[in-house]
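Subject: Structure for you to look at

Hello,

Here is the structure you were waiting for, with the sequence. My notes on it follow below.

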Amino acid sequence: MKKQFYKLSQAFLFLVLLTFSQCKKTDVKATAPAVDIKIKNTSSFAAPGPGGGVLMQAFYWNTPAGSWWTTVNGKIAAWDAAGISAIWLPPATKGQSGGSSMGYDPFDYFDFGTYNQMGSVTTRFGNLTDLNTLISNAHSHNIQVYADMVLNHSSGGALEANPYTGTNTYTKFIPLSGKFPRTYSDFHPNNIHASDEGAFGGFPDLCHAQANVSNWVYNATYSMSRYYKNTMHYDGWRFDYVLGYGAWVVQNYVNSVGGFAVGEDWDGNAANLQNWVNATGGTSSAFDFACFYAMHSAFDSNDLTHLNDDMLLKRNAAKAVTFVSNHDTDIIGNKYSAYAYIMTHEGYPCVFYNDYETWLTKSRMNNLIWIHRTLAGGTTTNLYSASDQYIDRRNGYGAAPGVIVYFNGTDYWQQQWVTSNWANKQIKEYTGVSSWIQTVAADGRVLIQAPPHAYSIWSVTGY
Ligand code: ZN
Ligand code: CA
């Protein structure tokens with residue numbers, strides 16, 4: 001969720017950082033050879049979900065109104081070729097603001113652009129047929145589709161007398177789909193609770209302990225979870241604002257139909273993120289906000305030792321969804337280094353639509369996605385840690401040989417002797433910045449280099 005004033009301040013900060021990072025990029029290009037473009041090959045081992053796949057956040061704030069599902073549908077084939085294995089779509093049902101809603105003000109959880117209510121038949125993103133076409137096309141490319149579930153609150157109800165507040169409240173919901181009608185007793189305060197873990201803005205706050213709510217969300221045969229899974233054919237779930245309600249709601253939802261799940265637990269504390277994942281019974285991953293803030297500190301403040309900070313990916317790699325920016329927050333200036341970090345480290349990386357389609361160079365992004373899916377794997381060992389240079393080794397796993405990733409925060413090319421896992425083998429640099437082919441000594445030692453304010457990624461030759 002977001003608030004507009006917050007977005008404006010972020011936009012200003014982003015412009016400042018973008019200007020700064022553009023200067024750095026020019027320096028890099030002056031010394032770096034062309035990127036060796038590698039994209040997904042047919043022998044790729046990676047499947048959707050944690051353990052090899054790459055997620056695309058397939059929207060941004062205030063996408064053009066009208067036909068977004070069709071726009072995304074037109075990207076599917078290229079994203080598949082680039083190695084994207086799943087997409088996260090915005091909340092797809094009718095919000096209070098009808099055809100202009102980004103979906104985070106849910107009114108009718110079963111109106112995907114079919115009913116004339118809230119001033120519009122279609123949603124901001126299109127109609128039901130457009131969405132069905134998109135999901136079907138994604139599946140034909142073996143790309144999974146995740147729904148954005150806004151379960152903390154509803155919006156757009158009619159005014160009614162509320163005995164629990166003694167006032168009139170906007171809590172009477174009579175959706176034209178006929179599904180999930182709600183009244184004052186379904187919201188806080190009611191006969192069960194005065195409140196729950198959190199409320200968002202002034203939105204009516206759903207009480208998940210109320211049987212009418214739990215039945216419609218996950219419990220009954222007619223539940224939202226079953227409809228989204230079995231009728232709409234969504235494969236997974238992104239839960240919005242999970243700080244606003246108990247983790248048991250996510251657990252029950254996922255247990256009702258299965259599928260990959262990730263929660264927006266907006267908290268930079270890695271222990272808190274791990275606690276939330278544990279509280280869902282391990283049914284859900286969490287966005288790694290700890291990694292996000294650590295990368296911002298490391299790459300934008302000239303102190304790479306922040307990469308040693310605690311992160312969810314270091315505590316529970318299988319449950320960390322890593323990201324560089326999203327529709328709510330965009331504070332990292334040196335985005336290429338941040339993407340190089342998440343694509344070479346543990347966790348399930350999520351690419352932001354605007355970064356991929358608009359702001360960054362697609363060939364460089366595709367190269368990093370290819371590295372993630374083909375080379376990166378296994379545990380991580382830090383080889384060198386200083387404020388201006390930082391080197392990590394992924395130790396390899398299964399078909400993935402592992403990588404050595406070298407971040408350089410200085411104004412000059414740097415080089416370091418490191419210990420690899422590849423005795424007596426040849427290694428090369430896979431992003432195209434260095435043409436060195438190095439032979440590793442019998443004890444694993446090898447000399448590698450990295451360009452100024454950027455990164456190099458090394459592995460054995462032959463890929
Ligand atoms: Zn409650
Ligand atoms: Ca709540």
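To start with one residue: is Asp 148 buried or exposed? Asp 148 is buried, with a relative accessible area of 5%; buried means under 20% relative accessible area, exposed over 50%, and partly exposed in between, with a 1.4 Å probe and protein chains only.

Before the rest, some conventions. This is a predicted model, in which local features need pLDDT of at least 70 and side-chain atom pairs count only at pLDDT 80 or more, while totals for chains, interfaces and linings use all residues. Residues are numbered from 1 along each chain as its sequence is written, chains are lettered from A and ligands numbered from 1 in the order in which they are written, and side-chain values use heavy atoms, with hydrogens and water left out.

Overall picture

The protein has 463 residues, and 57% of them count as buried. It contains 13 helices and 20 strands; these are DSSP runs numbered from the N terminus, helices being H or I with at least four residues and strands being E with at least two. Among contacts with a separation of 6 or more, 67% are between residues 24 or more positions apart, a contact being heavy atoms within 4.5 Å. The accessible surface is about 16,800 Å², and carbon and sulfur atoms make up 52% of it; the areas come from the Shrake-Rupley method with a 1.4 Å probe, and for residues only the protein chains shown count as cover.

The barrel

Eight strands close into a barrel with parallel pairing, in the order S1-S2-S5-S8-S9-S10-S11-S12. On average, neighbouring strands of this sheet are turned by 25° against each other, direction ignored; the axes are lines fitted to C-alpha atoms, for helices over the stretch in contact, and angles run from 0 to 180 degrees between N-to-C directions. Strands S5 (residues 144-149) and S8 (residues 236-239) pair in the parallel sense over four bridges, where pairing requires that DSSP finds at least two bridges between two strands. Met 149 has Phe 239 in S8 as its bridge partner.

Salt bridges

Nine salt bridges are found in the whole structure, each a side-chain nitrogen of Lys or Arg within 4 Å of a carboxyl oxygen of Asp or Glu. In one of them, Asp 148 meets Arg 238 at 3.0 Å, N to O. This pair links distant parts of the chain, with Arg 238 in strand S8 and Asp 148 in strand S5, 90 residues apart. Arg 238 is buried as well, with a relative accessible area of 2%.

Lys 335 forms a salt bridge with Asp 330, the closest N and O atoms being 3.0 Å apart. Asp 330 is buried at 6% relative accessible area. Lys 335 also forms a salt bridge with Asp 355, where the closest N and O atoms are 2.4 Å apart. That pair connects helix H11 (residues 335-344), which holds Lys 335, with helix H12 (residues 353-359), which holds Asp 355, and the two residues are 20 apart. Both Lys 335 and Asp 355 are buried. Elsewhere, salt bridges that share partners join Asp 148, Arg 238, Asp 240 and Glu 264 into one network.

His 188 is buried at 14% relative accessible area, whereas His 193 is partly exposed at 30%.

Asn 152 lies in the loop between S5 and strand S6 (158-162) and Gly 244 in the loop between S8 and helix H7 (247-257), so the pair ties together parts that are 92 residues apart in sequence. Both Asn 152 and Gly 244 are buried.

Backbone points to check

Most residues other than glycine have a negative phi, and most peptide bonds are trans. The peptide bond from His 188 to Pro 189 is cis, with omega near -5°. Asn 62 has a positive phi of about 60° and lies in the loop between strand S1 (55-57) and helix H2 (68-73). His 453 has a positive phi near 50° and is buried, with a relative accessible area of 14%.

Regards
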